[in-house]
Structures are given as structure tokens and as C-alpha cells.
Amino acid sequence: MPSQPLALLIDGDNATPKIISGLLAEVANYGTASVKRVYGDWTKPNLNGWKDCLLEHSLQPVQQFAYTTGKGATDGAMIIDAMDLLYTQRFSGFCLVSSDSDFTRLASRIREQGLMVYGFGERKTPRAFITACDKFVYFDVLKEIGQKANATATQKASAPEVDESLIFMIIAALSASSDDSGWATLAEVGSRVAKQIPEFDSRNYGYPRLSELVEATGRFELDRSAKASKGVLIRLIGN
């Protein structure tokens, strides 16, 4: 099966080159970024750190002068290009890299066209933009992906408790997808939760894998045996 073509559009004024290695590795899980553009005013000294990164990863810089102070000229150029690319009907999804709420309507419009939208931004990203995406991954997670050495050990050592509201959503998803014996596939449960919370990614909660997050709650049992032909199974403890 051919890899899905994706358009990767990065708000250079709103992102850092430190995330790029992890970003490209994450995007590769969803398809192939056949377009890779970084937008910004490259005459400004604050973007100097991007030069080596652009060359190393074959990213195309798009120049956009700031017409006036405080206005998002870069955002406007990125949105216009995104719509132009959308109308070519060449892509199965878009990867929008920014923490700016200005891209909320763009994400919604792309999804209206039936395409996937993968968002990437800081944890301060406005909720409206996060929920407008099909999936959202935070910058700090991307940095960890790009620095794989000791990442798993660090996450396990500092893994936080799982919020009760998230546990409730996992239980609800499990109830909706389980069979008569109470078992369901972990992948299906995770998929159902992600449809309600775009940022639902175990790494966003401090766990390298969904199975580790689920086990950390102490509420579920997992079946990884050979008989679980559909993948890892999950069931509420006590069923």
C-alpha cells in the first residue's frame, strides 16, 4: 500500500528547529511529507537558527515580510498556500505546525474536505485549534522523539498519575467496544478516546506507549498472549 501524501506546513515564527527531527519522525508514521515548507520573515535575526536545519532536512523556506507590527503576515501566507494545496486534491492530509489559534478555521476547513489534519504545537496552544485537528502532538513530545537516548527511562521515572477524567473516558470507550466477556482491543479503545480528545497520545501524558498508560491507572488488565490475535486486549479489572 503506497504511503499517504501529506503537506507539512510550519509556522517558523511560532516553532523552533529543535523539534524538526522528532517532527519528521512523527509525520512519517502518518504518511510521506511530499511538501515541506517553513514560513517566516527570514530577514529577521530570530530565524537565523533555522538555516542548518532547512538544509539538513530539505525544508523549503517561504519568505513573508511583516507588513506591520503585531499582525500575522506569516499566518496569512501559510493559510493561503494551504488552501491552494488543498484544491490540488493531491494530499490525504495536512500537518500544521504552530501554537497559534489563527489556524483553527484552516484546520476545520481542511477536515470539511475529508482530509486528515495533524496538529503540532506547544502545551499553551488554544483549545480551539487542538480540537479542530484529528490528532495533536505537543512540541515537548517531539523533542523527546528527536532525543531518543534515555527518553524511555526518563519518562518512566517522571510518569505522572493519570487524571480521573481520562480514566473515565477510557472506561466509556471500553464499554462501547467490548464483547460479552468485557474484552476489547486496546487499539479500538484508544481510537475512540482520540476521537473525543485530539491530543490523546500516551506520550502527551508521560508514557511511551498506550499500554503503559493504561497499566499505570491500576484499573485495567491487558492480554498480550498469542490468543489475542487482534492485538493487545483490554478489560476492566473485576469483570
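Phe103 is buried, with a relative accessible area of 0%, where buried means under 20% relative accessible area with a 1.4 Å probe and protein chains only. The model is a predicted one, in which local features need pLDDT of at least 70 and side-chain atom pairs count only at pLDDT 80 or more, while totals for chains, interfaces and linings use all residues. Residues are numbered from 1 along each chain as its sequence is written, and side-chain values use heavy atoms, with hydrogens and water left out.

A search of the whole structure finds six aromatic pairs, a pair being rings of Phe, Tyr or Trp (its six-membered ring) with centres within 6.5 Å. The ring centres of Phe103 and Phe129 are 6.4 Å apart and the planes stand at 45°, so this pair is tilted, the class left between stacked (under 30 degrees) and edge-to-face (over 60). Because Phe103 lies in the loop between strand E4 (93-97) and helix H4 (104-112), and Phe129 in helix H5 (residues 127-132), the pair ties together parts that are 26 residues apart in sequence. Phe129 also counts as buried, at 0% relative accessibility, and ring pairs link Phe103, Phe129, Phe136 and Tyr138 into a cluster.

## Helices H8 and H9

The axes of helix H8 (residues 164-177) and helix H9 (residues 186-196) come within 9 Å and cross at roughly 125°. That angle makes H8 oblique to H9, since angles under 35 degrees count as roughly parallel, over 145 as roughly antiparallel, 65 to 115 as roughly perpendicular and the rest as oblique.

Terms used:
Axes fitted to C-alpha atoms, helices over the stretch in contact; angles between N-to-C directions. Helix = DSSP H or I, 4+ residues; strand = E, 2+ residues; numbered from the N terminus. Buried < 20%, exposed > 50% of the residue type's maximum accessible area, 1.4 Å probe, protein only.
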